[in-house]
Amino acid sequence: MPSPVLEAPRLQSRFVLGMRVDATSYVDATWRVLNWTRRRESRYVCVANVHMVMEAYDDPAFRAIVNEADLVTPDGMPLVWMLRRMGFPGQGRVYGPTLTLWILQEAARWGIPVGFYGGEPAMIARITDRLIERFPGLRITYAYSPPFRPLTPAEDAAVVEAINASGARILFVGLGCPKQERWMAAHRGRVQAVMLGVGAAFGFLSGLVPQAPIWVQQIGMEWFFRLLMEPRRLWRRYVRHNPRFVVLAGRQLLSARNA
């Protein structure tokens, strides 16, 4: 991987149903995060899937939040396939849980302090224990599971102060979409770290949520695996979003081909 603190190449992007998705890779995304970290910049990264695209399609304010992010990776295979059809034939997946591991490995190597915000208390405790064992030398200086309600202004200010005081330069945010993206956008410039909204990665990293086999991920059926694991929580999301995405994305590709 290139050494940090170099000028990053310009991102190339496409818009899927109006939401930006960047043509990036694990190496490129990790390098950008380290670069911003070494420059002590406050940034935020979104990992995009069909759920995020449809939330953005339905809510212009949320769409603006994603489109203004510093990096939007193609987390879901349908977005990888869209980018391939839209001019990036070699595009691969940049999956949030895997990107998290790439960045943690480099953070351990470079001695960069990291933090975790989100998830449940038991999940956070397991994440820190498992990651310190997996990445010797990793410095986890902040880990907090916020209450499942909006924070008061005073509580939010205390959280920001605690994150900054911890020295964490990379903050993994696991509040779920669209809450985590809204949180990161509201805290860019206040939290002095690069923030990554990695959602389900907290559950996978803790070992409390089973992860789909690689072959299931590669054929774009991870959503179905997750539905089987958490039907009560996820069925409304998939029933509402997935069929509409197929129709609308198909129309976009057909319109582009005709044009």
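This is a predicted model: local features need pLDDT of at least 70, side-chain atom pairs count only at pLDDT 80 or more; totals for chains, interfaces and linings use all residues.
Author: Residues are numbered from 1 along each chain as its sequence is written, and side-chain values use heavy atoms, with hydrogens and water left out. Local features need pLDDT of at least 70 and side-chain atom pairs count only at pLDDT 80 or more, whereas totals for chains, interfaces and linings use all residues.

Reader: Why is helix 1 called oblique to helix 5?

Author: The axes of helix 1 (residues 26–38) and helix 5 (residues 96–110) come within 10 Å and cross at roughly 45°. Angles under 35 degrees count as roughly parallel, over 145 as roughly antiparallel, 65 to 115 as roughly perpendicular and the rest as oblique, so helix 1 is oblique to helix 5.

Reader: What makes the pair Asp58 and Arg244 a salt bridge?

Author: A salt bridge is a side-chain nitrogen of Lys or Arg within 4 Å of a carboxyl oxygen of Asp or Glu, and for Asp58 and Arg244 the N to O distance is 2.8 Å. Asp58 lies in helix 2 (residues 50–58) and Arg244 in helix 12 (residues 231–258), so this pair ties together parts that are 186 residues apart in sequence.

Reader: Why is Asp156 called buried, and why does Arg190 count as partly exposed?

Author: Buried means under 20% relative accessible area, exposed over 50%, and partly exposed in between (1.4 Å probe, protein chains only). Asp156 has 14% and is therefore buried, while Arg190 has 36% and therefore counts as partly exposed. Arg190 and Asp156 also form a salt bridge, with their closest N and O atoms 2.9 Å apart.

Notes:
Axes are lines fitted to C-alpha atoms, for helices over the stretch in contact, and angles run from 0 to 180 degrees between N-to-C directions. Helices (H or I, at least four residues) and strands (E, at least two) are DSSP runs, numbered from the N terminus.
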